[in-house]
Amino acid sequence: MELGIASVAAITAIAYLLGMAVKATSVADKWIPIICGAAGLVLGVVAWAMGVPDYPAHDWLNAAAVGIVSGWAATGLNQSVKQLTDK
């Protein structure tokens, strides 16, 4: 089984950028992980439906789960960078 790491990384990158865009608005920070997870869900199902090669899901439910985790990984990435750069 191939991992399809490139397509999963793409979802994480897009969700990260969306999270950064939301951060620049007046939306409360507590909603950013949910927005990134929802964006990941949509992107995951779209990637599965479009038949992206090497996408690591063979049905819509697994595609949604992979997408959600990828979206949430974006907020984890953001917090990791933030924690490492804070003095």
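This section describes the helices of a predicted model and the contacts between them.

The chain contains 3 helices and 0 strands, and from the N terminus on its elements follow the order α-α-α. The radius of gyration is 13 Å, close to the 12 Å that the globule rule gives for 87 residues, so the chain is as compact as a globular protein of that length. Along the principal axes, the C-alpha trace extends over about 40 × 25 × 15 Å. Of the 87 residues, 29% are buried. Among contacts with a separation of 6 or more, 60% join residues 24 or more positions apart.

Helix α1 comprises residues 5–23 and packs against α2 at an angle of about 145°, the two axes being 9 Å apart. The crossing in which α1 passes α2 is right-handed. On the α1 side the contact is formed by Ile11, Ile14, Ala15, Leu18, Gly19, Val22 and Lys23, which meet Ile32, Ile35, Cys36, Ala39, Gly40, Leu43 and Gly44 of α2. By class, this contact of α1 with α2 consists of 10 nonpolar, 3 polar and 1 charged residues.

When neighbours within four places in sequence are left aside, Gly19 is in contact with Ile32 and Cys36. The C-alpha atom of Gly19 is separated by 7.7 Å from that of Pro33, 14 residues away along the chain.

The axes of helix α2 (residues 32–50) and helix α3 (residues 60–85) come within 6 Å and cross at roughly 140°. The two helices are therefore oblique to each other, and α2 passes α3 in a right-handed crossing. From α2, the residues Ile32, Pro33, Cys36, Gly37, Gly40, Leu41, Gly44, Val45 and Trp48 take part, and they meet Trp60, Ala63, Ala64, Gly67, Ile68, Gly71, Trp72 and Thr75 of α3. The contact of α2 with α3 comprises 11 nonpolar and 6 polar residues, with no charged residue.

The remaining pair to be described is that of α1 and α3. These helices pack at an angle of about 55°, with a distance of 8 Å between their axes. This angle makes α1 oblique to α3, and the crossing of α1 past α3 is right-handed. Val8, Ile11, Thr12, Ala15, Tyr16 and Met20 of α1 make the contact with Val66, Gly67, Ser70, Gly71, Ala73, Ala74, Leu77 and Asn78 of α3. The residues of the contact of α1 with α3 comprise 9 nonpolar and 5 polar, with no charged residue.

Ala73, located in helix α3, is among the residues of the contact with α1. With a relative accessibility of 35%, Ala73 counts as partly exposed. The C-alpha atoms of Ala73 and Ala6 are 14 Å apart, although these residues are separated by 67 residues along the chain.

Note on methods: Residues are numbered from 1 along each chain as its sequence is written. This is a predicted model: local features need pLDDT of at least 70, side-chain atom pairs count only at pLDDT 80 or more; totals for chains, interfaces and linings use all residues. Side-chain values use heavy atoms; hydrogens and water are left out. Axes are lines fitted to C-alpha atoms, for helices over the stretch in contact, and angles run from 0 to 180 degrees between N-to-C directions. Helices (H or I, at least four residues) and strands (E, at least two) are DSSP runs, numbered from the N terminus. Angles under 35 degrees count as roughly parallel, over 145 as roughly antiparallel, 65 to 115 as roughly perpendicular and the rest as oblique. A crossing is left-handed if the near helix is turned anticlockwise from the far one by less than a right angle, and right-handed if clockwise. Contact means heavy atoms within 4.5 Å. Ala, Val, Leu, Ile, Met, Phe, Trp, Tyr, Cys and Pro count as nonpolar, Asp, Glu, Lys and Arg as charged, and the others, Gly among them, as polar. The radius of gyration is taken over C-alpha atoms; the globule rule is 2.2 Å times the number of residues to the power 0.38. Buried means under 20% relative accessible area, exposed over 50%, partly exposed in between (1.4 Å probe, protein chains only).
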